[in-house]
Structures are given as structure tokens and as C-alpha cells.
Amino acid sequence: MTAIRHNDVVLDAARACVLAYGVRRTTLTDVARRAGVSRMTIYRGWPDVGSLVADLMTREWLAVVEGLDLSDPVAAVVQGVRTLREHPLWRKIVDVDPELLLPYLTMRRGTSHDAILAVLERSMSPARARAVLLTAQSFLLSAHTMDDPSTLDAELATLLERYLA
């Protein structure tokens with residue numbers, strides 16, 4: 001797994017810019033200005049906005065996942081999906097820049113996927129962890145197309161309980 005570059009001041013500034021403007025309208029100049037650092041400081045860590053936002057997403061999603069109590073994997077996954085669904089950065093990306101998620105759905109796993117799989121594999125086999133991640137991901141990505149996404153949490157729990165039994 002590739003480690004994300006850590007500079008919380010820069011990542012916090014990137015988060016604020018993405019929440020204010022969306023990913024496509026955020027520039028490294030905006031981030032540098034908000035972080036109070038030079039553009040060269042940003043470029044030393046990240047070659048472009050895409051790599052900066054990828055590290056930001058990894059930091060944000062892992063903070064959610066690492067805070068889950070996996071003693072009950074079903075409850076943990078449902079809580080993780082619910083928390084991510086309500087996460088302001090997730091909401092902004094889904095609402096304004098959803099095309100950024102497409103490569104992670106159709107072409108490749110990202111650093112966040114690998115890290116989440118590692119967390120899930122603490123309580124289940126790697127094959128089950130992959131199936132659980134794909135199921136949770138579908139509930140996270142598509143739930144907003146239903147009338148009331150929160151009602152789907154119980155259905156996700158039922159699916160996972162039966163699968164993991």
C-alpha cells in the first residue's frame with residue numbers, strides 16, 4: 001500500500017478549498033494561499049491537485065474507518081457507510097465532481113480501498129473483505145438514488161449478517 005503524504009496544514013487547506021470550490025475549481029495556488037505556504041512547498045509534496053485530493057480523501061476516509069469498532073463487523077460497516085454518506089467532503093465530491101470517483105469504480109483500487117481492506121481483514125478473510133467492501137461501496141455510492149438512503153442501512157445490515165454468518 002502506498003503511504004499518503006502527511007502535511008495536515010496543507011491537507012486541511014485542500015479540504016477547505018474543495019468544500020468551498022469543488023475539486024475541479026481548486027488550484028494548488030488556492031491551497032498554498034489558504035495554508036500560508038509557498039506553491040513550491042505544495043509542489044514538493046504533490047505534483048498536482050489530483051494527487052493532493054487523493055491523499056486528502058485517503059486521510060478523511062481512513063479517519064472514519066479506523067474509528068470503527070470491528071468487534072461487530074456488520075455494525076461497523078453499516079456505521080462506516082452511514083458516516084461516509086454524511087461526510088461533507090464525500091457529499092461535495094458526489095454533488096459537484098462525481099466523475100472523480102469513476103476510476104476507482106471501474107479501473108483500479110485506490111490507496112483508500114487497500115487501507116479499508118486491511119482494516120476489514122482484521123475480522124474476516126481477504127475474499128470476504130473484498131465482497132463486503134464492494135457491497136458497502138454500492139450502498140454508499142448509489143443510496144442517494146433511493147427515496148430515503150438511511151432506510152437502506154437496515155437492509156445493508158441484513159445482507160452482511162447473512163453473508164458473514
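This is a predicted model: local features need pLDDT of at least 70, side-chain atom pairs count only at pLDDT 80 or more; totals for chains, interfaces and linings use all residues.
A salt bridge is taken here as a side-chain nitrogen of Lys or Arg within 4 Å of a carboxyl oxygen of Asp or Glu. Arg 59 has a relative accessible area of 16%. Because the limit for a buried residue is under 20%, Arg 59 is classed as buried. Asp 8, at 46%, is partly exposed.

By the rule above, the count comes to eleven salt bridges. Salt bridges with shared partners join Arg 59 and Asp 8 with Asp 12, Arg 15 and Glu 60 into one network.

A further salt bridge is formed by the side chains of Arg 24 and Asp 97, at 2.9 Å from N to O. The partners fall into opposite accessibility classes. Arg 24 is exposed, with a relative accessible area of 57%, whereas Asp 97 is buried, at 1%.

Asp 114 and Arg 109 form another salt bridge, in which the closest N and O atoms are 2.7 Å apart. Asp 114 has a relative accessibility of 23% and counts as partly exposed; the cut-off for a buried residue is under 20%.

The packing of two helices is described by the angle between their axes and the distance between the axes. Helix α1 (residues 8-21) packs against helix α2 (residues 28-35) at an angle of about 120 degrees, and the axes are 8 Å apart. The arrangement of α1 to α2 is therefore oblique, since angles of 65 to 115 degrees count as roughly perpendicular and those over 145 as roughly antiparallel. The crossing of these two helices is right-handed.

On the α1 side, the contact is made by Val 9, Val 10, Ala 13, Ala 14, Ala 16, Cys 17, Ala 20 and Tyr 21. Helix α2 contributes Asp 30, Val 31, Arg 34 and Ala 35. By class, ten of the residues in this contact are nonpolar and two are charged, with no polar residues.

Note on methods
Residues are numbered from 1 along each chain as its sequence is written. Side-chain values use heavy atoms; hydrogens and water are left out. Axes are lines fitted to C-alpha atoms, for helices over the stretch in contact, and angles run from 0 to 180 degrees between N-to-C directions. Helices (H or I, at least four residues) and strands (E, at least two) are DSSP runs, numbered from the N terminus. Angles under 35 degrees count as roughly parallel, over 145 as roughly antiparallel, 65 to 115 as roughly perpendicular and the rest as oblique. A crossing is left-handed if the near helix is turned anticlockwise from the far one by less than a right angle, and right-handed if clockwise. Contact means heavy atoms within 4.5 Å. Ala, Val, Leu, Ile, Met, Phe, Trp, Tyr, Cys and Pro count as nonpolar, Asp, Glu, Lys and Arg as charged, and the others, Gly among them, as polar. Buried means under 20% relative accessible area, exposed over 50%, partly exposed in between (1.4 Å probe, protein chains only).
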